[in-house]
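Thanks for coming. I will go through a few local features of one model, and I will start with a question once it is on the screen.

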Amino acid sequence: MRLAGSELLLDAVKGGVLTLALFLAYVTFPVLGLAGGMFTPLPAIYYYLKRGEVTGVLVFTITLITLMIMGDISIPLFYLLQSGLTGMMLPFFYLQGKGAARAITYSVGVNFLMIVVVAVAYGFWAGADIQGILLKGINSSTEQAVVLYGKQGLSPQELELFTQGIRQAGALIAKVFPALILVALGFIATLNMAIIFRIRSKRLPDIPEPEPLLSFRNPDLIVWAVIAAGIALLVPEPDISRIGLNILIVCGFIYFFQGLAVVLTYFKRVSVPSLVRIIFWLALAFQPYLVLAIALFGLFDTWGDFRTPKHKNL
């Protein structure tokens, strides 16, 4: 039986209000509201999958129009590029039978392409140097950090070391900004779909069953992108090495999930205790070297096929 239009509209309004609350918390409190920013696409995804595309589009439309009424056009544009497209594209591709991994990939690809189009269009329309604006913003942020920490009573030597480190970090961010955008979009999409699958059995029983993470494996051809990126890093031409570094970061993010699938497979096989699993997830959240190790593990799984049981000849 089809739901009455009033019920669909009520769900859309609830989704729009929740989306606005999450997004406004994020833009108002950039640090404390970070979680809100990561989960902003969730209401649209949920109601799209639960009530259909009309309700999902209404959630998106209500949010966008409300933000436009509030004033500055940059805020609704930021919502569109950071969360709005993700909230529409993810459920659309997933319900087309693409599976979770491809739905995330296609959604991130469309979103990133739109960001590039908007940036290029703005550059032509305003006659602005997008790269210059980006560098100026990063440099301004690093200098603000230096001034802030300079007031914390650091010794001259400590302040000098901190200043060098923060400026080097700023220069690195400027080089790999495209990769960081892709990784951020991919992380947000993956996190939201993970929550959807977590509540699927009770709240969304009619959507297709997702493929298990334990079986996730990247296409073997991606390894050639890693090899090409590694070679590009050795080229003395700065633009080429920069492209290689961006590709390497994106590939590392992709292979992280394959490595995570390998680790979780072994956790399941040997029945790792819950306490150990909790320690692992905490270490993963706070230890970047562990993230790198798991990404390398995922890359080597391309050749090692670590999840296939090895049978000894008798």
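Which residues of H3 are buried? They are Leu-42, Pro-43, Ala-44, Ile-45, Tyr-46, Tyr-47, Tyr-48 and Leu-49. Buried here means under 20% relative accessible area, exposed means over 50%, and partly exposed is in between, with a 1.4 Å probe and protein chains only.

Before going on, the basis. This is a predicted model, in which local features need pLDDT of at least 70 and side-chain atom pairs count only at pLDDT 80 or more, while totals for chains, interfaces and linings use all residues. Residues are numbered from 1 along each chain as its sequence is written, and side-chain values use heavy atoms, with hydrogens and water left out. Helices (H or I, at least four residues) and strands (E, at least two) are DSSP runs, numbered from the N terminus.

Back to H3, residues 42-51. Eight of its ten residues are buried, so the helix is largely enclosed by the rest of the structure. What do those buried residues pack against? The partners are helix H1 (5-28), helix H4 (53-69), helix H5 (74-126) and helix H8 (177-203), with contact meaning heavy atoms within 4.5 Å. After H3 comes Gly-52, which has a positive phi, near 110°.

Next, the rings. Rings of Phe, Tyr and Trp (its six-membered ring) pair if their centres lie within 6.5 Å; planes under 30 degrees apart count as stacked, over 60 as edge-to-face and the rest as tilted. By this rule there are 15 aromatic pairs. In one of them, Phe-23 and Phe-78 have ring centres 5.8 Å apart and planes at 45°, so this pair is tilted. Phe-23 is in helix H1 and Phe-78 in helix H5, 55 residues apart, so the pair links distant parts of the chain. Phe-23 counts as buried, at 0% relative accessibility, whereas Phe-78 is partly exposed at 34%.

Phe-23 also pairs with Tyr-79, edge-to-face, at 5.5 Å centre to centre and 75° between the planes. Tyr-79 lies in helix H5, so this pair ties H1 to a part 56 residues away in sequence. Both Phe-23 and Tyr-79 are buried. Ring pairs link Phe-23, Tyr-26, Phe-60, Phe-78 and Tyr-79 into a cluster.

Last, a glycine. Gly-244 lies in helix H10, residues 238-269, and counts as buried at 1% relative accessibility. Leaving out residues up to four places away in sequence, Gly-244 touches Ala-229, Ala-232 and Leu-233. Its C-alpha is 9.5 Å from that of Ile-227, 17 residues apart along the chain.
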